[in-house]
Amino acid sequence: MRATVPAGLDRKETEVYQRLDPARLPKHIAIIMDGNGRWARRRHLPRIAGHRAGVASVRSTVETASRIGIPALTLYAFSEENWKKRPASEVDFLMGLLCRYLKGEVPTLNKNNIRLEYIGRQHELPAVVQSKMQWAREATAQNGGMVLTLALNYSARSELVDAFRSMVNAAANNGGLQHLQVDEEAVKRHLYTRHLPDPDLVIRTSGEMRLSNFLLWQLAYAEIYVTPTLWPEFRGVHLLEGIAEYQKRERRYGGLADDVSQPHYSDHAKMARS
Ligand code: FPP
């Protein structure tokens with residue numbers, strides 16, 4: 001029997017939600033938001049119009065994820081490469097958009113008990129953006145519901161470099177390098193994502209089949225769901241469709257993923273049987 005539909009879902013979302021098994025929701029969903037520029041181009045609008053429209057998609061996705069009880073959502077908002085590849089005016093616009101989003105959204109995040117976190121090289125962002133980010137994090141720090149992590153100036157390879165540096169520094173400050181212990185658990189403890197479980201589902205919008213330097217370590221076992229929907233058209237209902245596809249794939253392997261205490265059990269079982 002299906003559990004009751006969470007409050008606040010609209011008609012379309014309710015329809016998709018009723019096909020889901022609430023006991024097997026992903027614990028952490030990561031999203032590569034892509035297609036803002038194409039959305040704008042199709043409408044003969046400047047690229048920044050696509051980014052502006054993308055904020056409504058962020059809002060809808062965050063609200064729906066939180067309403068259905070997803071413990072963690074991570075959004076790839078701004079890659080390290082974005083600095084180099086995009087014109088300065090577009091980067092400035094994105095920074096301003098982020099500041100306005102943080103300022104405007106904190107009351108809603110608090111209302112929904114959502115805690116805000118960041119991953120990426122924050123110290124390289126403009127000082128005014130950094131202080132707004134710190135303010136928003138502190139203003140939501142008491143919330144015990146969903147953790148919303150924004151990847152800003154993020155690169156997975158830089159994250160790994162920073163993790164290895166951090167491991168070496170920690171050992172040097174704690175008795176010397178002869179105490180350096182390198183294993184998977186140690187690497188995990190030094191990643192930006194040490195506050196999160198690995199994502200079990202990664203969604204990419206606008207049809208591209210790449211990970212684009214996003215969470216390369218953490219996505220080792222994640223299901224990948226690519227939708228042709230461009231980010232500015234993505235809404236909570238599309239998130240639910242991604243989760244439905246994720247559950248379909250898990251079911252194909254005989255329900256082994258039901259054991260939530262062992263997140264990688266189903267992967268080992270799949271490999272053993274293939
Ligand atoms: C990719 O589209 C999108 C981005 C680089 C920016 C994402 C930002 C937002 C959705 C809005 C602000 C975010 C927050 C968290 C408030 P693209 O420009 O690469 O699209 P294209 O591939 O079609 O050119």
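**Close-up views of the predicted model**

**View 1. The shell around the ligand in the predicted model.** The ligand is surrounded by 19 residues, and the closest are Asn36, Gly37, Arg38, Gly54 and Tyr101. Four elements each supply at least two residues of this shell: helix H2 (36-42), helix H3 (47-67), strand S2 (72-79) and helix H5 (88-111). Helix H3 gives the most, with five residues. By class, the shell around the ligand consists of 10 nonpolar, six polar and three charged residues.

**View 2. The open sheet of six strands.** The strands follow one another in the order S3-S4-S2-S1-S5-S6, and their pairing is parallel. Strands S3 and S6 (223-226) form the edges, each of them pairing on one side only. From one strand to the next, the twist averages 20 degrees. Strands of a sheet pair through backbone hydrogen bonds, in either a parallel or an antiparallel manner. Strand S2 has a place in the sheet order and also supplies at least two residues of the shell around the ligand.

**View 3. The pairing of strands S3 and S4.** These two strands run parallel and are joined by five bridges. Within this pair, Ile119 stands opposite Ala151 in S4. Strand S3 is an edge strand of the sheet.

**View 4. The contact between domain 1 and domain 2.** The protein chain is divided into domain 1, which comprises residues 25-154, 200-211 and 224-265, and domain 2, which comprises residues 159-196. The centres of the two domains, taken over C-alpha atoms, are separated by 27 Å. Six residues of domain 1 are in contact with four residues of domain 2. On the side of domain 1 that touches domain 2, strand S3 (115-119) and strand S4 (147-154) each supply at least two residues. This side of domain 1 has three nonpolar residues, two polar residues and one charged residue. Strands S3 and S4 are also the pair joined by five bridges.

**View 5. Confidence along the protein chain.** The pLDDT of the protein chain averages 91, and 90% of the residues score at least 70. Over residues 254-274, however, the pLDDT is below 50. Beyond near neighbours in sequence, this stretch has 17 contacts in the model. Where pLDDT is low, the predicted coordinates should not be read in detail.

Technical notes: Residues are numbered from 1 along each chain as its sequence is written. This is a predicted model: local features need pLDDT of at least 70, side-chain atom pairs count only at pLDDT 80 or more; totals for chains, interfaces and linings use all residues. Domain bounds come from an automatic or database domain assignment. Two residues are in contact if their C-beta atoms, placed from the backbone, lie within 7 Å. Ala, Val, Leu, Ile, Met, Phe, Trp, Tyr, Cys and Pro count as nonpolar, Asp, Glu, Lys and Arg as charged, and the others, Gly among them, as polar. A residue is near a molecule or strand if its C-beta atom, placed from the backbone, lies within 6 Å of it. Two strands pair if DSSP finds at least two bridges between them. Axes are lines fitted to C-alpha atoms, for helices over the stretch in contact, and angles run from 0 to 180 degrees between N-to-C directions. pLDDT is the predictor's confidence in each residue, from 0 to 100.
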